[in-house]
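Here is a short report for someone meeting this structure for the first time. Please look over the fold before reading on.

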Amino acid sequence: IQLWITPRRDFAVFFPVLHIILLTAIEGSGWLAAWFGHHFTWQMMHVFTIGTMSFVLLTQAIFCRPFCPMPQRLSLKGIDFQGALLICGLMLVVSYIVVYGDYFMWFDTLRIRLLFGAAIVLSGMVLYRLRYYRYPYIELSLFTRRNVVPILLVTFFAELAFGAEHTMEEILYSEVIRLEELTKESQYMWALPGMYLGILLDLYWLKVKKWKVWKLFGIAFIGIALYGMLMYFTLDINVNIEQYRFAIFLRGFAYAILAPTLMWALDESVPSLEQFFMGLFVFNILHMYLAGAAGYGIYTTIFSHFMNDNMMSYGQQLTLTHLDMAHFNLGEYVGHDFLHSMMMVAMKQVYGYVIWFALGLAALFLLCDIPAVRTGDQPQQDHKHGVADHDGGKNKDLRRDAQQVGEHRGEHGHDDAAAQSGGQNGNGQHGVDAGAGDKLAKALGQRLQSDEKCQHNGGFGDPTYFFVHSRYLFPNYSLEITPE
């Protein structure tokens with residue numbers, strides 16, 4: 001499948017195209033489950049899943065022929081299954097704590113305190129096994145590779161920001177507006193066009209332009225901030241649900257930028273395929289459930305805090321209001337209109353935090369993409385940041401110096417003839433001009449070397465760079481390319 005998508009195994013193509021299938025399946029499965037539940041029963045989704053899996057297995061067994069059969073026995077010796085089970089157990093305990101922590105009032109209950117102690121014990125066992133076991137399930141040297149830890153941190157922060165979508169939108173559509181399940185999933189499907197647009201941007205950025213990913217991360221977090229702003233300014237109980245579609249489009253756009261780009265960056269940061277799959281295991285722990293679950297726990301706790309505070313602050317105004325209890329149903333008002341209004345205010349407060357969080361990360365990544373400015377006596381060079389720009393003589397300073405070298409070399413040849421016919425004066429002039437030409441040639445070489453340091457991809461080690469600039473250094477010589 002990978003070779004069908006990209007015959008050259010270019011992961012800048014493979015990961016975005018792969019995420020077209022993945023994200024379509026993720027969004028479509030929710031809508032399909034709601035469709036089956038609306039028109040039939042909820043069990044039909046399980047019947048449909050079993051039927052599709054059986055169809056795939058029967059197709060492989062009947063219509064496919066193995067052209068490269070696997071060995072009859074697959075050796076499981078050397079795989080650290082115990083370490084894998086310990087890691088999975090630790091992640092299960094941590095997920096339970098962050099998901100149900102708000103429901104059980106966090107550490108006020110014995111259950112959460114016991115699970116927290118179990119998480120500490122399991123963490124110690126996992127670290128000991130990864131450090132001293134001969135062939136651990138995840139090598140600790142993976143985290144010493146360049147950019148691996150920053151990639152995992154960006155993944156955690158991104159999923160933490162997207163946790164607002166999982167939590168706040170579910171509260172809005174299910175508790176406040178009370179949408180029917182199929183209508184809610186149809187509303188979520190507006191994320192798919194944004195996802196496709198984000199994947200196209202990934203392909204253009206990573207494959208066509210081959211730019212650095214810092215600015216791409218910044219664009220994604222700007223998309224999250226815009227999503228939060230739209231939800232913040234349009235949240236109201238009387239707003240039509242169609243007005244939320246563009247916000248859903250923006251969060252889909254941001255998610256589709258981050259998911260393939262982070263996976264591509266992880267592949268670029270590890271030297272071997274074995275360590276890539278180790279990194280992918282850790283990446284998916286954060287990407288698929290742990291960071292999202294942590295975001296769910298954090299946002300539900302913040303929402304509960306704001307909800308209680310708002311009920312107290314706005315509720316005290318009711319005691320200062322003269323109500324005609326014969327014509328006013330206080331219980332119905334508090335249980336419906338007042339409660340929903342307080343939930344809207346609490347959601348706006350949560351989205352306010354999400355906006356500042358996303359804008360701060362976007363500013364950080366955009367600042368990381370700013371090129372360093374030279375200071376001192378070194379000449380400054382204009383260059384495109386992130387991709388080597390073989391200027392081909394477009395650099396005016398470089399071209400001017402090259403012309404000066406050519407002129408002095410012409411004077412050098414003219415003075416050679418004068419020296420042969422004019423004697424000592426010509427020789428003296430020849431020495432002066434030759435010295436000036438050599439000095440300019442040396443300065444030009446230094447300029448080319450400093451320009452090479454400014455390039456991120458390519459330089460004197462890149463043959464194309466050498467051939468582009470060779471005519472400035474050696475105008476009287478031709479270079480031949482041999483098969484060697």
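How much accessible surface does the protein chain have, and what share of it belongs to carbon and sulfur atoms? The accessible surface comes to about 29,400 Å², and 63% of that belongs to carbon and sulfur atoms. Accessible areas come from the Shrake-Rupley method with a 1.4 Å probe, and for residues only the protein chains shown count as cover.

This is a predicted model, in which local features need pLDDT of at least 70, side-chain atom pairs count only at pLDDT 80 or more, and totals for chains, interfaces and linings use all residues. Residues are numbered from 1 along each chain as its sequence is written, and side-chain values use heavy atoms, with hydrogens and water left out.

## The chain as a whole

The protein chain has 15 helices and zero strands. Helices (H or I, at least four residues) and strands (E, at least two) are DSSP runs, numbered from the N terminus. The chain holds 484 residues, and 38% of them are buried. Buried means under 20% relative accessible area, exposed means over 50%, and partly exposed lies in between (1.4 Å probe, protein chains only). Take the contacts (heavy atoms within 4.5 Å) with a separation of 6 or more: residues 24 or more positions apart account for 76% of them.

## Helix H7 and its surroundings

Helix H7 covers residues 181-188. Its buried residues are Leu182, Lys184, Glu185, Gln187 and Tyr188. They pack against helix H2 (11-39), H6, helix H8 (191-209) and H10. Glutamate 180 caps the N-terminal end of H7. One of its side-chain oxygens lies 2.9 Å from the backbone nitrogen of leucine 182.

## A pocket and a cavity

On a 1 Å grid over the protein atoms alone, a cavity is a set of points where a 1.4 Å probe fits but cannot get out. A pocket is an open set with protein on both sides within 12 Å along at least five of seven lines. Lining residues have an atom within 4 Å of a point. Grid points are joined across faces, edges and corners, and a volume is the space filled by probe spheres set on the points.

The second largest pocket holds about 560 Å³ of space. It is lined by 21 residues, and the closest to its centre are Ile26, Glu27, Glu165, His166 and Tyr255. The elements that give two or more residues to this lining are H2, H6, H7, H10 and helix H11 (273-319). H11 gives the most, with six residues.

There are two cavities of 30 Å³ or more. The second largest cavity has a volume of about 30 Å³. Ala158, Glu159, Phe162, Tyr255, Leu258, Ala259, Leu262 and His287 line this cavity. Helix H6 (148-176) and helix H10 (245-269) are the elements that give two or more residues to its lining. H10 gives the most, with four residues.

The table sorts both linings by class. Ala, Val, Leu, Ile, Met, Phe, Trp, Tyr, Cys and Pro count as nonpolar, Asp, Glu, Lys and Arg as charged, and the others, Gly among them, as polar.

| Lining | Nonpolar | Polar | Charged |
|---|---|---|---|
| Second largest pocket | 11 nonpolar residues | five polar residues | five charged residues |
| Second largest cavity | six nonpolar residues | one polar residue | one charged residue |

## Residues in loops

Methionine 105 is in the loop between helix H4 (81-100) and helix H5 (110-132). Its phi is near 60°, a positive value in a residue other than glycine. Is methionine 105 buried or exposed? Methionine 105 counts as exposed, because its relative accessibility is 52%.

Asparagine 147 sits in the loop between H5 and H6. It too is not a glycine, and its phi is positive, at about 75°. Its relative accessible area is 35%, so asparagine 147 is partly exposed.

Aspartate 80 is in the loop between helix H3 (43-63) and H4. At 1% relative accessibility, aspartate 80 counts as buried. A polar contact (a pair of N or O atoms within 3.5 Å; within protein, one must be able to donate a hydrogen and the other to accept it, and residues adjacent in sequence count only if both atoms are side-chain atoms) of 2.9 Å joins its side chain to that of arginine 129. Leaving aside neighbours within four places in sequence, aspartate 80 is in contact with Arg129, Tyr133, Tyr135, Pro136 and Tyr137.

## Phenylalanine 14

Phenylalanine 14 lies in helix H2. It is buried, with a relative accessible area of 12%. Not counting residues up to four places away in sequence, phenylalanine 14 touches Gln2, Ile5 and Thr6. Phenylalanine 14 and proline 260 are 246 residues apart in sequence, and 9.0 Å apart in space, C-alpha to C-alpha.
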